[in-house]
Amino acid sequence: MYVDITGGTDSRKFYVESMMRFCHDKLMPRMKSLVINVYIKSFGKDSSCGYCVPIDNGKSPRNFDIELNNSLKLRPFLETIAHEMVHVKQYARNELVENAGVGKHLWKGAWIGDEVDYYDLPWEIEAHGRETGLFIRYIQKHNLCAKSWTKSI
């Protein structure tokens with residue numbers, strides 16, 4: 001996996017790369033050909049935490065852009081990385097095909113329309129469901145559990 005990081009402090013860049021490699025090893029360890037461009041930036045009035053966009057190459061995507069909201073505190077920042085890496089896994093394995101039809105996404109062979117609420121989208125249920133577990137396993141692996149920033153918000 002190749003990761004290119006733009007923006008953010010050296011500390012943030014370290015955590016981005018470290019968390020991404022951890023998630024890669026847990027979610028898709030055999031997938032070596034991924035290229036991920038990460039942009040750490042201010043989202044302004046947008047209250048979103050992050051975005052993952054596959055770069056279409058006509059087959060299973062292996063190139064991605066991930067945007068991360070630099071205003072997040074460290075724990076939600078790392079949880080957002082885990083969340084977006086779940087989306088990388090979904091796209092790379094063709095579990096999720098973005099904009100497969102007008103106003104629709106293809107999720108594991110089923111069409112899902114844009115009228116479905118964000119929190120009811122199956123790919124978001126998986127990403128939200130896995131982000132905390134990945135974060136906890138990451139801080140355990142790196143002996144960070146005693147740090148105050150690792151505690152629940």
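Helices and strands here are DSSP runs, numbered from the N terminus. The model you are looking at is predicted.

Q: What distance separates the end C-alpha atoms of helix α1?
A: Helix α1 covers residues 10-27, which makes 18 residues. At 1.5 Å a residue they should span 26 Å, and the distance in the model agrees with that. The end C-alpha atoms are apart by 25 Å.

Q: Which elements do the buried residues of α1 pack against?
A: Let's start with the residues themselves: the buried ones in α1 include Tyr15, Val16, Met19, Phe22 and Cys23. The buried residues of this helix pack against strands and helices, namely β1 (2-6), β2 (35-41), β4 (63-69), α2 (74-92) and α3 (122-141).

Q: Is Phe77 buried or exposed?
A: Phe77 sits in helix α2. Beyond residues up to four places away in sequence, it touches Arg12, Val16, Ile40, Leu68, Asn69 and Leu72. Its relative accessible area is 0%, and the cut-off is under 20%, so Phe77 is buried.

Q: How far apart are the C-alpha atoms of Phe77 and Asn37?
A: Along the chain, Phe77 and Asn37 are 40 residues apart.

Q: Which residue's backbone oxygen does the side chain of Thr150 reach?
A: Thr150 lies in the segment after α3 and counts as buried at 5% relative accessibility. Leaving aside neighbours within four places in sequence, Thr150 is in contact with Arg75, Phe135, Ile139, Leu144 and Cys145. At 2.7 Å, its side chain reaches the backbone oxygen of Lys147.

Conventions:
Residues are numbered from 1 along each chain as its sequence is written. This is a predicted model: local features need pLDDT of at least 70, side-chain atom pairs count only at pLDDT 80 or more; totals for chains, interfaces and linings use all residues. Side-chain values use heavy atoms; hydrogens and water are left out. Helices (H or I, at least four residues) and strands (E, at least two) are DSSP runs, numbered from the N terminus. The expected span of a helix is 1.5 Å times one less than its number of residues. Buried means under 20% relative accessible area, exposed over 50%, partly exposed in between (1.4 Å probe, protein chains only). Contact means heavy atoms within 4.5 Å. A polar contact is a pair of N or O atoms within 3.5 Å; within protein, one must be able to donate a hydrogen and the other to accept it, and residues adjacent in sequence count only if both atoms are side-chain atoms.
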